[in-house]
Amino acid sequence: MFQLNKTIVSEEILEKEFVCNLSACKGACCVDGDAGAPLNDDETKILETIFPKVKPFLRPEGIKAIEEQGTFVTGEDGEFETTLIEGRDCAYVIFDKETALCGIEQAYNQGIIDWKKPISCHLYPIRVKEYSDFSAVNYHKWHICDDACSLGKELEVPIYKFVKEALIRKFGKQWYEELEKVATDLKK
């Protein structure tokens, strides 16, 4: 672990490799698990605002879950998260044949909205835990991503490079440049 401004960062994000391999996992992170994607307060407001524009991209069962439960829910841990369909699929998930994709991201890609998706999804496999004085930036290892780890190793892409855009979105360009310096120094 090392400190970078107001973050405590796990060295694993510099050392471990990762590249999403949708052809292998079929987007399992959007349909497996027992909780929705973590959300911050600002994101809950964004979801409420964009839902009418995202709704045409969603599956009927996702729309139904959102209309019944809300655009977000409070999880068992008391934190906000995306709504689930019958406790499984994210309500915002859509499918391209058998591959799970994000309906929010599809609306973004088509220029309908200007918000890509929840930062927790964009950052994955990095998870950020907010504390009063700092943010903890950690690698979240999940067996469904074994193919992503293999592909990352094959392509020699460390986690922090794979999620560069998301890290800049979360912490800013200057923070990311400092992270790159730490990574370079650790290789020496």
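Quick word on terms: strands here are DSSP runs of E with at least two residues, helices are runs of H or I with at least four, and both are numbered from the N terminus. Two strands count as paired if DSSP finds at least two bridges between them.

Before I go on, this is a predicted model, so to speak of local features we need pLDDT of at least 70, and side-chain atom pairs count only at pLDDT 80 or more, while totals for chains, interfaces and linings use all residues. Residues are numbered from 1 along each chain as its sequence is written, and side-chain values use heavy atoms, with hydrogens and water left out.

Back to the hairpin: four residues sit between E9 and E10. And who faces Glu130? Its bridge partner in E10 is Ser135.

Now, E10 has another neighbour. Strand E2, residues 7-9, runs parallel to E10, residues 135-139, and three bridges join them. Ile8 stands opposite Ala136 there.

Put together, you get an open sheet of four strands, in the order E1-E2-E10-E9, with mixed pairing. Strand E1 (2-4) and strand E9 (126-130) are the edges, each pairing on one side only. From one strand to the next, the twist averages 25 degrees.

Last, the helices. H9, residues 164-171, lies across E2, E9 and E10, at about 15 degrees to E9. H10, residues 173-187, lies across E1 and E2, at about 150 degrees to E1. Those angles run from 0 to 180 degrees between N-to-C directions, using lines fitted to C-alpha atoms, for helices over the stretch in contact; contact means heavy atoms within 4.5 Å.
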